Amino acid sequence: MQKLSLSQTLGQKLSPQQIQFIKLLQVPTAELDTRVEEELELNPALEEGREEPEQVSEADDYDEAESPTDDLNVEDYLGDDDYSGYKMQGDGSYDDEDKEMPIAMQASLNDQLEMQLGYLGLDSRSETIAKQLIGSIESDGYIRRELDAIVNDLAFSQNIETDIEELEELLGQIQQFDPPGIAARNLQECLLIQLQRKLEDLEEDPVLQAAIEIIEHCFDEFTKKHYDKIVRKLNIDDQELLKDAVAAIVKLNPKPGGVSGGIVKTQYLIPDFILSNNNGKMDLTLNSRNAPELRVSQSYSDMFKAYDKSDKKDKKLKETVSFVKQKLDAAKWFIDAIKQRQNTLLRTMEAIVKYQYEFFLEGDETKLRPMILKDIANEIQMDISTVSRVANSKSVQTDFGIFPLKYFFSEGISTASGEDVSSREVKNVLAEFINNEDKKKPLSDDKLEKALKAKGYNIARRTVAKYREQLNIPVARLRKEL
């Protein structure tokens, strides 16, 4: 038998305004303009531009007692200076013609390859197959899809019957396109294509010929830097020849699709903050150039004036005014969220600048102090999650370059003297040891640990290995050179 009962529970729930603010907070400045444009399209009560100097004054005579509903107060939306307009902080005075800077768009990798395909003079069938192969090239320049699968794709999507031999013949022609090494199926083939292209230009070169033999017959040994095995397998007597051949291979491009110079589209980084050193005083501004000025639509306010002078018993007019009220609320909420976002960003960045003041003065990484999210959260008296949202995908432009905000957060390491230093400082010292090591006998993690302890950094070997991996530095065996 079912029983009905009542119970009271206490819980927390985010309001729509809080959710909107959280989403806006984690949006970088580069994407804020798109978010504002979306809101402008959805809400007709929100407008872009400065507030007109003429202010609405007729609404002051509105008699609230005549309102047919208690929850609708027209006076709230007329002559409200707090929300009439909002200028993004950090905006400087600049001409309107400078607001939009045209960026030259360059051809993509596929466009470049298809343009070169036109010079082969293929028939329509072969050209379709070649375009299918070009379409299978990934962003780094490799074709990792099996040729059998491409044969099936052509049969089902293009109704073209072909075989692997024909594909390999066309693929060989595409592999002669620029950039060198394009359309390779693996790294070994990519390096061979580039070496053979260079050898064609120079006709005969013993260094390039030795490099081709190393890649063809000793690729595994080369990747593991087992040079003694290469010498025995290829019977290379000249040590200088082997050294020059390895140097020639190392200079090749392992990702031909990622080269610049018109092959791929250029990505532009827009910093969220601009920090400049003015004789020891840090000037911090928000880069809000891409965010337009916002205001509440005056025409929607005029609707209330019309409502004030009309028959308030009209049911349809009452529904219209309720709709207008909803849109005005949403517009005011969005403008307020934008204001709150800018204020939170500034407070967080000001706290980071204060905490890492020595670094921003000189740009020396050794001046970075250990800093975690909790330190900044305590400084600005906000939640750690708020600081995390600000630090995520945000960057600052300084006199020493553009840095992501995450760059300034690091854990602390205790030294022999009892001081706490940033883990970034330890990484810099570690990288310095590796850069200055004897490449014929690179330092192992154990030796690096002892060297760091000799400098006063008390860390374990596994921590050394972790920091080395974070710096994208391979193990000692792979750092060995001839």
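How many disulfides does a search of the whole structure find? The search finds zero, a disulfide being a pair of cysteine sulfur atoms within 2.5 Å.

The structure is a predicted model, in which local features need pLDDT of at least 70 and side-chain atom pairs count only at pLDDT 80 or more, while totals for chains, interfaces and linings use all residues. Residues are numbered from 1 along each chain as its sequence is written, and side-chain values use heavy atoms, with hydrogens and water left out.

**Nonpolar cores**

A nonpolar core is a set of buried Ala, Val, Leu, Ile, Met, Phe, Trp, Tyr and Cys residues joined through side-chain atoms within 4.5 Å. Buried means under 20% relative accessible area, exposed over 50%, and partly exposed in between (1.4 Å probe, protein chains only). The largest core has 29 residues, of which Met 349, Ile 352, Phe 360, Leu 405 and Phe 408 touch the most other members. Elements that each supply at least two residues of this core include strand E3 (273–278), strand E4 (281–286) and helix H13 (315–355). H13 gives the most, with six residues. Helices (H or I, at least four residues) and strands (E, at least two) are DSSP runs, numbered from the N terminus.

A second, separate core of 22 residues includes Ile 212, Ile 215, Phe 222 and Ile 230.

**Second largest pocket**

A pocket is found on a 1 Å grid over the protein atoms alone, as an open set of points where a 1.4 Å probe fits, with protein on both sides within 12 Å along at least five of seven lines; lining residues have an atom within 4 Å of a point. The second largest pocket holds about 460 Å³ of space. Among its 17 lining residues, Phe 222, Lys 225, Tyr 227, Val 246 and Val 250 are the closest to the centre. Helix H11 (239–250) gives the most to this lining, with five residues.

**Backbone details**

The peptide bond from Asp 178 to Pro 179 is cis, with omega near 0°. Pro 179 lies in the loop between helix H6 (164–174) and H7. Two residues other than glycine with positive phi are tabulated below.

| Residue | Phi | Relative accessible area |
|---|---|---|
| Asn 235 | near 55° | 62%, exposed |
| Gln 381 | near 55° | 74%, exposed |

Asn 235 is in the loop between helix H10 (227–234) and H11, and Gln 381 is in the loop between H15 and H16.

Note on methods
Points joined across faces, edges and corners; volume = space filled by probe spheres on them.
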